[in-house]
Amino acid sequence: MRRGRGEAAGVVDAVGSSVSDVRPGDAVAVFLPELGGYAGQMLARYWVRVAQSASAQDAAALPASGEAAARVVDEVGVAAGETVLIAGAAGPVGLIASRLAVARGAQVLAAVRPGDFDLLTKAGAMPVAYGPEMAANVRAVVPPADAAQVHRDLENGGLRTKVLLSARA
């Protein structure tokens, strides 16, 4: 079992009578907000099944990153038909936020290093190069109707429109 702060990944040993979405032998990532430290076994109230092929380390990082991504996408109110810029979209929170925004029907502009373009394209986003020329790179790909507002927000440093920032740039 791999543990982070408040999150873990492992294999289900047993389930309670009211649990129907996992069974013994399933790989899971769990969120443990009230626990710290390490244990070989634990009781969990919040979990998500993960692919058997996922490493325990990657799966253990999912709960906190997923919660952070879901919270920011919800708080910003990303909706279908909007254009969203996510800086640092190749990081754990940014990648999940990109996928969530795409699933909501938003066009996602993912500001990342050129080496991460393929990853974000596979996630359904439109990658743009992060760096000193990011404003020009974004203006080059946004629909003309949105370009003026995106330009004002980027040039003025404002976050009035749907611009999400992730920890990794």
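**Reading the helices and cores of a predicted model**

Me: How many residues does the protein chain have, and what percentage count as buried?

Reply: Of its 169 residues, 36% count as buried. Keep in mind that this is a predicted model.

Me: How many helices and strands does the protein chain have, and in what order do the elements run?

Reply: There are 5 helices and 8 strands. Starting at the N terminus, you'd walk through β-β-β-β-α-β-α-β-α-β-α-α-β.

Me: Where should I look for a nonpolar core, and which residues touch the most other members?

Reply: Here's the general idea: in soluble globular proteins, nonpolar side chains tend to be buried together. In this chain, the largest nonpolar core has 17 residues, and Val78, Ile86, Ala89 and Leu120 touch the most other members. Helix H1 (56–76), strand S5 (83–87), helix H2 (92–103) and strand S6 (107–112) each give two or more residues to this core. There's also a second, separate core of 8 residues, with Ala87, Val128, Met134 and Val138 among them.

Me: How do I read the length of H1, and where does its kink lie?

Reply: Compare the span with what you'd expect at 1.5 Å a residue: H1 has 21 residues and reaches 31 Å from first C-alpha to last, close to the expected 30 Å. The kink, about 35°, sits at leucine 62, shortly before proline 63. That proline is also one of the buried residues of H1, along with Ala59, Ala60, Ser65, Gly66, Ala69 and Val73. Just after H1, glycine 77 takes a positive phi of about 80°.

Me: And H2: which residues are buried, and why do they line one face?

Reply: The buried ones are Gly94, Leu95, Ala97, Ser98 and Ala101. Look down the helix axis: they fall within an arc of 165°, so they line one face of H2. On the other side, Pro92 and Ala103 are exposed. The buried residues pack against H1, S5, S6 and helix H3 (117–122). H2 has 12 residues and spans 17 Å, close to the expected 16 Å. Just after this helix, glycine 105 takes a positive phi of about 95°.

Me: Is glutamate 7 buried or exposed?

Reply: Buried means under 20% relative accessible area. Glutamate 7 has 11%, so it counts as buried. This residue lies in strand S2 (residues 7–11). Glutamate 7 and proline 33 are 26 residues apart in sequence, yet their C-alpha atoms are 7.6 Å apart in space.

Definitions and conventions
Residues numbered from 1 in each chain as written. Predicted model: local features only at pLDDT ≥ 70, side-chain atom pairs only at ≥ 80, totals over all residues. Heavy atoms only, no water. Core = buried A, V, L, I, M, F, W, Y, C linked by side-chain atoms within 4.5 Å. Buried < 20%, exposed > 50% of the residue type's maximum accessible area, 1.4 Å probe, protein only. Helix = DSSP H or I, 4+ residues; strand = E, 2+ residues; numbered from the N terminus. Expected span 1.5 Å × (residues − 1). Bend = angle between axes of the 7 residues up to and from the residue. Arc of directions from axis to C-beta. Contact = heavy atoms within 4.5 Å.
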